[in-house]
Amino acid sequence: MQKLRFIRWHEKQLYYSFAWLISCLLCGFLFVTIIEFVGLNTSGTILIITLIVLYVIGLGTIELFRRFWLRFSYAQNCASAATCKNCGNYGLFNVIIETRPIYARCNKCDHQWVI
Ligand SMILES: [Zn+2]
């Protein structure tokens, strides 16, 4: 069984989510840069290729933001429910199984529950 302290688990989730957010911002920057340097005033094949590339980058940006938001909101929801129902200890437990839902064990009273 894998043991991971909740605070480390939460920190890891936040790192991953912000990595998605930074990737999203970089894609958005690339999107704007292509519009600025290639522009949409071209015609023919270059315009079609530019629009296809912008479409793909736009979809990628949306997907990256979606991944950021899902992981971030999941981590925050888990943090808000991180109180042991047996002893009221907040955030001081081990993550036994790191899948969804999270299986946790309190460090103080060994109570196990599902977040
Ligand atoms: Zn407890």
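This is a predicted model: local features need pLDDT of at least 70, side-chain atom pairs count only at pLDDT 80 or more; totals for chains, interfaces and linings use all residues.
**Notebook: contacts, helices, sheet and core**

I began with the contacts of the chain: of those with a separation of 6 or more, 56% join residues 24 or more positions apart.

Residues are numbered from 1 along each chain as its sequence is written.

**Overall form**

I looked up the extent of the C-alpha trace, and the chain spans about 70 × 20 × 20 Å along its principal axes. The radius of gyration of the chain is 21 Å, whereas a compact globule of 115 residues would have one near 13 Å. I used C-alpha atoms for this radius, and the globule rule is 2.2 Å times the number of residues to the power 0.38.

I then checked burial, and 12% of the 115 residues count as buried. A residue is buried if 20 or more other C-beta atoms lie within 10 Å of its own, exposed if 12 or fewer, and partly exposed in between, with C-beta atoms placed from the backbone.

**Helices**

I counted 2 helices and 4 strands in the chain, and their pattern along the sequence is β-α-α-β-β-β. Helices (H or I, at least four residues) and strands (E, at least two) are DSSP runs, numbered from the N terminus.

I compared the length of helix α2 (residues 45-80) with expectation: at 1.5 Å a residue its 36 residues should span 52 Å, and its end C-alpha atoms are 52 Å apart, which agrees. The expected span is 1.5 Å times one less than the number of residues. The buried residues of α2 are L64, F68 and R71, and what covers them includes α1 (6-37). I recall that an α-helix has 3.6 residues a turn, so residues three or four places apart point the same way.

I next examined C27, which lies in helix α1. C27 is buried because 20 other C-beta atoms lie within 10 Å. Setting aside residues up to four places away in sequence, C27 touches I57, G60, T61 and L64. From C27 to K12 I find 15 residues in sequence and 23 Å in space, C-alpha to C-alpha.

**Sheet**

I traced an open sheet of 4 strands in the order β1-β2-β3-β4, with antiparallel pairing. Its edge strands are β1 (4-5) and β4 (112-114), each of which pairs on one side only. I applied the rule that two strands pair if DSSP finds at least two bridges between them.

Strand β2 (residues 93-97) pairs with β1 over 2 bridges, and 4 bridges join β2 to β3. β2 and β3 form a hairpin with 5 residues between them. Strand β3 (residues 103-106) pairs with β4 over 3 bridges.

I followed the bridge partners across the sheet: R5 is paired with N94 in β2, N94 stands opposite R105 in β3, and R105 stands opposite Q112 in β4.

**Core**

I listed the largest nonpolar core, whose 8 residues are F6, W9, C84, F93, V95, I102, A104 and C106. Two or more of these residues come from each of α1, β2 and β3. Such a core is a set of buried Ala, Val, Leu, Ile, Met, Phe, Trp, Tyr and Cys residues joined through C-beta atoms within 7 Å.

Definitions and conventions
Two residues are in contact if their C-beta atoms, placed from the backbone, lie within 7 Å.
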